[in-house]
Amino acid sequence: MTVSANTAPVAEATRRDFPAFVRAGDRMMWIDGRRTAAVSGRTLPNTDPVTEQALASVPRGEAADVDAAVKAASKAFTDPAWADMSPDRRGRILNQIADVIEEHADELATIDSVNMGAPRMLTGRMLAEASEIFRYYAGWPTKLSGVSVPAGKDRMAYTRKEPLGVVGIIWGWNGPMGQLPGKLAPALAAGNTIVLKPAETASLSTLRLAELLAATDLPAGVVNVVTGLGSEAGQALVAHPGVAKIAFTGSTATGKAVQRLATDTLKRVTLELGGKSPSVVFADADLGTAARGVAAGFLGNAGQVCVAGSRVFVEESIRDEFVEKLLKTMEAFTPGDPLAQGTLAGPLSTKAQFDRVGSYLDIARQEGANVVTGGERLGDHGYFFAPTLLDNVRPDMRVVREEVFGPVGVLTTFTDIDDVIAQANDTDYGLAASVWTTNLTTAHRMAAAIEAGTVWVNTWAEMSTGNLPFGGYKQSGLGREGGLEGLDTYTQVKAVRIAL
């Protein structure tokens, strides 16, 4: 595959039909059911990664704003309108939220595509999954129950599952409406109240969602939004003594900082962190299907995916044949206008991320990696980076060991199943993996042997709509999201013993 650095990936943004919410310009936070400016009056820009121009400003919230949001959430937690609400009623409100998301899915998806550059095809799928996740958890409030325990004569013993209180949620810029529902829906289903801190560079869809929630029967103060920098608003939320739990999605380095800070108040923490996922292609695989899945694995959303299958392992006997198919498939992921029909990859989300990816390519070349294709900017504006495949890599190279979070895959061969298991597990991460084979024995053995929270066989990135747990091994995180396992992380168990 060849690409030209002079190719203009998109037309001018004057063609683009931005949602009214984006065209309206500067936004406000959402605290206790009201639009709120930052106490400091300061703002931050949210930028269109296609034009590199600001779309709107959002408040630069700090500790005082976080404190106001936590107080509002604390008050709502004990307000009879929420605390004494029947489980059936709470479930119906979650279904109302699902209805609102479905009704405004096109708008929310487009906001994310404009704000952070994900293809409209991808953000649309995220919003479809979002409503399904809320519907899944809408059925749980009536089923959260304790157990009766044998206690002997004249005694009664049982357990209660109770909400934690105020939950702080912090998540990534690489798919705001894709990541938030897996945290917000179970937290609400369990009866908690919430303070949301979206990524400072991609806050617009969350602020719009907060406005839409006001049209449901959700009481004021149950969900609050504070925008701002992670080092200011995010840190204040993690440190706040009134917050019972932090649910965080982001880099491993930031996740470690969150855990350290949360220790001071012994908060519960769930961390969904980075990945360096292996994609393993055996000689017996359907190579055409595998090539499409592997390409999507490290090029989807311009590689800005925590589960990105950026380490590609191919059985040695089929290396040349597979690479030929892979390179042809990669052409479909040449980035373009995220709002255009058929675009599979858009720009990188921010200039910082664009510079980061470029620096990793410089390091890879210096360390001796070979650029099979890509490795360069596309066009003269926007944060567009060519789909990139590297070979001649060693396990000690930084591009092999560290999360690049861009459209970059590294290719390695293997000789047998024991060889590839050892290579696949030679990483600090363990979020996901994909295996491509038609041999059922190989599939099950790999699924058991790979150290990762999710293993896909003959597919990639089929995310659950709520009923399967998701999380990482090793430095890819703590705890699980999704399913009953995810719901349990938003509850605490109380034991009751009664002398009759």
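Predicted model: local features only at pLDDT ≥ 70, side-chain atom pairs only at ≥ 80, totals over all residues.
- Helices are DSSP runs of H or I with at least four residues, strands are DSSP runs of E with at least two, and both are numbered from the N terminus.
- Phenylalanine 77 counts as partly exposed because its relative accessibility is 22%; buried means under 20% relative accessible area, exposed means over 50%, and partly exposed is in between, using a 1.4 Å probe and protein chains only.
- Leaving aside neighbours within four places in sequence, phenylalanine 77 is in contact with Trp82, Ala83, Pro163, Leu164, Gly165, Gly191, Asn192 and Thr193, where contact means heavy atoms within 4.5 Å.
- Threonine 193 is 116 residues away from phenylalanine 77 along the chain, yet their C-alpha atoms are separated by 5.8 Å.

**An open sheet of three strands**

- Strands β5, β6 and β20 form an open sheet in the order β5-β6-β20, with antiparallel pairing; two strands pair if DSSP finds at least two bridges between them.
- Because β5 (148–149) and β20 (491–499) each have a single partner strand, they stand at the edges, and one side of each is left without a neighbour in the sheet.
- Strands of a sheet pair through backbone hydrogen bonds, either parallel or antiparallel.
- β5 is joined to β6 (residues 155–163) by two bridges: serine 148 stands opposite tyrosine 158, and valine 149 has alanine 157 as its bridge partner.
- Five residues lie between the strands in the hairpin of β5 and β6, where glycine 152 takes a positive phi near 90 degrees.
- β6 also pairs with β20, in the antiparallel sense, over nine bridges; one of the pairs is threonine 159 with alanine 495 in β20.

**Helix α17 and its two sides**

- In helix α17 (residues 440–449), the buried residues are Thr442, Ala443 and Met446.
- The packing partners of the buried α17 residues are β12 (278–281), α16 (417–424), β17 (432–436) and β18 (454–457).
- At the start of α17, a side-chain oxygen of asparagine 439 comes to within 2.9 Å of the backbone nitrogen of threonine 441.

**Two buried strand residues**

- Threonine 454 lies in strand β18 and counts as buried because its relative accessibility is 15%.
- Not counting residues up to four places away in sequence, threonine 454 touches Leu431, Ala432, Ala433, Phe470 and Gly471.
- Aspartate 391, in strand β15 (residues 388–391), counts as buried at 13% relative accessibility.
- The side chains of aspartate 391 and asparagine 370 make a polar contact (2.9 Å); such a contact is a pair of N or O atoms within 3.5 Å, where within protein one must be able to donate a hydrogen and the other to accept it, and residues adjacent in sequence count only if both atoms are side-chain atoms.

**Positive phi in two loops**

- Leucine 266 is not a glycine, but has a positive phi of about 50 degrees.
- The loop between α11 (252–263) and β11 (268–272) holds leucine 266, which counts as exposed at 72% relative accessibility.
- Phenylalanine 405, also not a glycine, has a positive phi of about 60 degrees.
- Phenylalanine 405 sits in the loop between α15 (398–401) and β16 (408–414) and is buried, with a relative accessible area of 14%.

**Cavities**

- There are five cavities of 30 Å³ or more, a cavity being a set of points on a 1 Å grid over the protein atoms alone where a 1.4 Å probe fits but cannot get out.
- The largest cavity has a volume of about 70 Å³, which is the space filled by probe spheres set on the points, with grid points joined across faces, edges and corners.
- Residues lining the largest cavity include Lys276, Phe298, Glu403 and Phe405; lining residues have an atom within 4 Å of a point.

Terms used:
Residues numbered from 1 in each chain as written. Heavy atoms only, no water. 1 Å grid on protein atoms, 1.4 Å probe; cavity = no way out; pocket = protein on both sides within 12 Å on 5 of 7 lines; lining within 4 Å.
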